[in-house]
Amino acid sequence: MTGEQDPSRRGFLKVLVGLSAVVAAGGLGKGVVQNLVTPSVGLTSFPETQLYWVNPNSGNSAPVPLKSEEFQMNSPSIWIYYYPLSDEPNFIIKLGKIETNGKEIPVKVDPVTVTIDATGTTFLSPGGVGKDSNIVSFSAICQHLGCIPPVIHYYPPSEIDSLPANVKAAIAAQNTNGELDYGVIHCNCHGSTYNPFMGAGIVTHPTYRPLPNVILKWDPITDYLYAKKLIGPVVFGHPSDLTGGNAISNLKKSTVIKMSSS
Ligand code: FES
């Protein structure tokens with residue numbers, strides 16, 4: 001992420017600073033101040049969390065560490081996990097390309113600078129991790145008005161045809177270098193579309209903010225995956241990525257779950 005800070009984060013801090021000054025001047029009653037300056041604090045810093053899942057091919061119902069090589073590329077299923085707050089779902093997606101012969105091949109996701117249209121600021125999306133550098137993760141809460149999966153979900157390349165006509169037209173118009181060959185994240189609430197290959201940047205409005213990006217870590221020896229922190233705009237509906245809810249129950253471990261497709 002660049003040194004720039006999303007103004008919404010700065011705004012929240014300004015409110016707290018401003019209220020502190022009012023309190024110091026005796027300008028507000030005690031009860032009001034307690035309600036206003038005591039946000040729901042989930043965490044004070046981002047935990048590093050290992051991702052687990054129930055491997056659908058193992059026949060074992062107990063969650064095991066998620067390995068990059070076992071996770072399905074271009075999966076039409078919705079895979080999410082909660083991090084860092086228990087009410088905060090995130091997508092995890094393994095991107096690939098469909099060749100003209102129908103074969104799916106991995107696509108390396110490079111770091112990219114993403115613009116937050118609402119503020120004009122930017123952040124650096126970290127790129128993909130895993131054996132083929134093609135696993136990415138984003139907040140699954142739409143940045144327009146907060147719709148969650150399955151209403152918002154990833155459409156792999158094989159499902160692009162099922163998108164609304166205006167979205168397909170936008171993809172065709174913007175796909176100058178093949179950057180939209182790997183599917184999109186689309187929200188059926190009001191039509192916002194995000195590009196998972198380009199840091200969940202905006203493809204169609206009404207959102208003016210990309211999806212917050214999760215920084216993942218991959219251990220090349222074990223092939224295990226970890227979530228480290230979020231960057232980009234603040235998760236929709238939260239005063240910050242760490243407040244506005246309770247921390248996940250086990251800060252060392254979060255389980256990736258499969259939701260039914262919409
Ligand atoms: S909440 Fe997703 S487009 Fe409006």
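What follows is a tour that starts with the whole chain and then settles on one strand and its partners.

**Stop 1: the whole chain.** Bear in mind that this is a predicted model. Colour by secondary structure, and the protein chain shows three helices and 16 strands. Of its 262 residues, 39% are buried. Now bring up the contacts between residues at least 6 apart in sequence: 66% of them join residues at least 24 apart.

**Stop 2: strand β3.** Select residues 78-82, which form β3. How many of the strand's residues are buried? Five of five are, so far as the count of 20 or more other C-beta atoms within 10 Å goes. Next, show the side chains. In a regular strand, these alternate between the two faces of the sheet. Here I78, I80 and Y82 sit on one side, with W79 and Y81 on the other, and both faces are covered.

**Stop 3: the partner from later in the chain.**

Stop 4: Finally, select residues 89-94 for strand β4. Which way do β3 and β4 pair, parallel or antiparallel? Their pairing is antiparallel, again over three bridges. Centre the view on Y81, and you will find N90 of β4 opposite.

Conventions
Residues numbered from 1 in each chain as written. Predicted model: local features only at pLDDT ≥ 70, side-chain atom pairs only at ≥ 80, totals over all residues. Buried ≥ 20, exposed ≤ 12 C-beta atoms within 10 Å, placed from the backbone. Helix = DSSP H or I, 4+ residues; strand = E, 2+ residues; numbered from the N terminus. Pairing = 2+ DSSP bridges. Contact = placed C-beta atoms within 7 Å.
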